[in-house]
Amino acid sequence: MSVYNNVGKPLFPAFLDLSDAEVLVVGRGAEADRKAEKMAYFCRRVVRCDYPPVFEEKPALLILAEPGNPDNALWAARFREMGIPVNVCDRPELCDFRFPALITRGPVSVGIATAGAAPVLAGLLRQKIDAVLPDDLESILTAAANLTAELRQSVPDPKERTRLLRQELGKLLG
């Protein structure tokens, strides 16, 4: 039996709109700092606290960012009962969601995950993918959105519209 089989099932890569959400990051130290910094880009507010976790507004997500804290399993279960998805650093078996190795360029996000089996591999893949993405990806996205809107108006056939989009966007990507 491989180690992978003990880690978890493949994860569906969902991209959440957290722009109006509050996220609770519990713990001190470098791991908590990294998680809070990553979430601050995507959500309205990151609330930091120590154990035990407390909040005024029900958070959209809970991140228990103090690896090795003996109360992590207890707090994960309590918040999960409230319907709040939980991430527990270094404990994939306690997580409802995982942090991907992430590339962000404006509204373009690329996430790489390994179902908790090999986060270092995900990070190395992120570096390789990031190196081949165009530096002006955000401006390419703007052009793509404008072209998509134009073609929706002028080309009624979805297959032809997709063909034209692929052709023109292929040119933009080089």
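**Rings, charges and strands**

Mentor: Across the whole structure, a search finds four aromatic pairs. Rings of Phe, Tyr and Trp (its six-membered ring) pair if their centres lie within 6.5 Å; planes under 30 degrees apart count as stacked, over 60 as edge-to-face and the rest as tilted. One of the pairs is Y41 with F42, edge-to-face, at 4.9 Å centre to centre and 80° between the planes. This is a predicted model: local features need pLDDT of at least 70, side-chain atom pairs count only at pLDDT 80 or more, and totals for chains, interfaces and linings use all residues. Residues are numbered from 1 along each chain as its sequence is written, and side-chain values use heavy atoms, with hydrogens and water left out.

Trainee: Which residues form one aromatic cluster?

Mentor: F55, W75 and F79 do.

Trainee: What sits over the ring of W75?

Mentor: First the rule: NZ of Lys or CZ of Arg must be within 6 Å of the ring centre and within 35 degrees of the ring normal. Here the charged end of R78 sits over W75, 4.9 Å from the ring centre. K35 lies over the face of F99, at 4.0 Å from the ring centre.

Trainee: In which sense do strand 1 and strand 2 pair?

Mentor: Strands are DSSP runs of E, at least two residues, and helices are runs of H or I, at least four, numbered from the N terminus. Two strands pair if DSSP finds at least two bridges between them. Strand 1 (residues 22–26) runs parallel to strand 2 (residues 45–49), over five bridges. V25 stands opposite R48 in strand 2.
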